[in-house]
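Thanks for coming. I will go through one model, starting with a sheet and ending with the ligand shell.

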Amino acid sequence: MMLTLKNLTVLRGQCPVVDDVSASIGPGEFIGLIGPNGAGKTTLMRAALGLIAHRGESSLAQLDPMARARAAAWLPQAREIAWGLSVAELVALGRLPHGRDQATRGAGAVNEALARMGLETYRDRAATQLSGGEQARVLIARALAQESPLILADEPIAGLDPAAQIDTMEVFSAHARAGGAVLCSLHDLGLAARHCSRVWVMDRGRLVADGALADVLSEALLAEVFHIRAHFKMTLEGPVFQPLSTMDH
Ligand SMILES: Nc1ncnc2c1ncn2[C@@H]1O[C@H](COP(=O)(O)OP(=O)(O)OP(=O)(O)O)[C@@H](O)[C@H]1O
């Protein structure tokens, strides 16, 4: 397993915002972490990485920081780039956990990551001068350059144009197919259905469903967790999802 969570719980005051979550991720899996705003997705990932205090266990949180960074790359939701670095220099920061190995493998990993995110022509540009969506792609490239088997990404496709969203999902799918694994929070259930091998559905801190999206998505789940009615259909071109209306609550 690349990540095992056992009874993971995060309290804010007396209130659990992650509530007794047990689950695991194996090689080859691309897991979409879905759930409404405030469900606990970000908190779950930060606790899994050992970045915040928690109860229960996460296999990653037990590692020392450098070993953890070699095991898992973390793409936080905040994507502002403040450093005056070129795109290539910023992506090369992903190599830091590899210490001395950097010298032999570093340049190759950076070049591959730039190519996979379509950033070769940007490599010498100042990262701060790119658009928000371009900066997001640079930070994904930095995570890829880290060459960690597991990637945890917090809403990595928010704010990307439709082509960049699909490209990013395909990059993550390819990472999983190559034997890695990805846990990625997202709000687009259509893209989750199309690209993720499995989804974890969170609601008020609890993991309420775990499985292929087509199997777990039901009218009842959409109503109870997401408070919507939606159209979900398997087509020849894959699953199609369209939210239609909110429920009265
Ligand atoms: N530092 C904090 N102090 C107190 N409460 C917090 C803190 N961070 C998060 N919370 C609360 O924990 C709950 C879960 O937040 P979290 O950011 O994990 O949700 P999320 O599922 O990622 O939401 P979104 O889809 O809006 O990004 C929310 O109710 C939030 O208000």
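Two strands count as paired if DSSP finds at least two bridges between them. Strands themselves are DSSP runs of E, at least two residues long, and helices are runs of H or I of at least four, both numbered from the N terminus. With that in place, look at Lys6: its bridge partner in strand 4 is Glu57. Strand 1, residues 3-12, and strand 4 are joined by three bridges and run antiparallel.

Two notes on the source. This is a predicted model, so to speak of local features we need pLDDT of at least 70, side-chain atom pairs count only at pLDDT 80 or more, and totals for chains, interfaces and linings use all residues. Residues are numbered from 1 along each chain as its sequence is written.

How enclosed is helix 1 by the rest of the structure? Largely, because six of its eight residues are buried. Buried means 20 or more other C-beta atoms within 10 Å of a residue's own, exposed means 12 or fewer, and partly exposed is in between, with C-beta atoms placed from the backbone. The buried ones are Lys41, Thr43, Leu44, Met45, Ala47 and Ala48. After helix 1 comes Gly50, with a positive phi near 80°.

Now the ligand. A residue is near it if its C-beta atom, placed from the backbone, lies within 6 Å. The residues around the ligand include Arg12, Val17, Asn37 and Lys41. Helix 1 (residues 41-48) gives the largest share of this shell, three residues.

Finally, the whole protein. It has nine helices and eleven strands. Of its 249 residues, 39% count as buried. The C-alpha atoms fill a box of roughly 55 × 40 × 30 Å along the principal axes.
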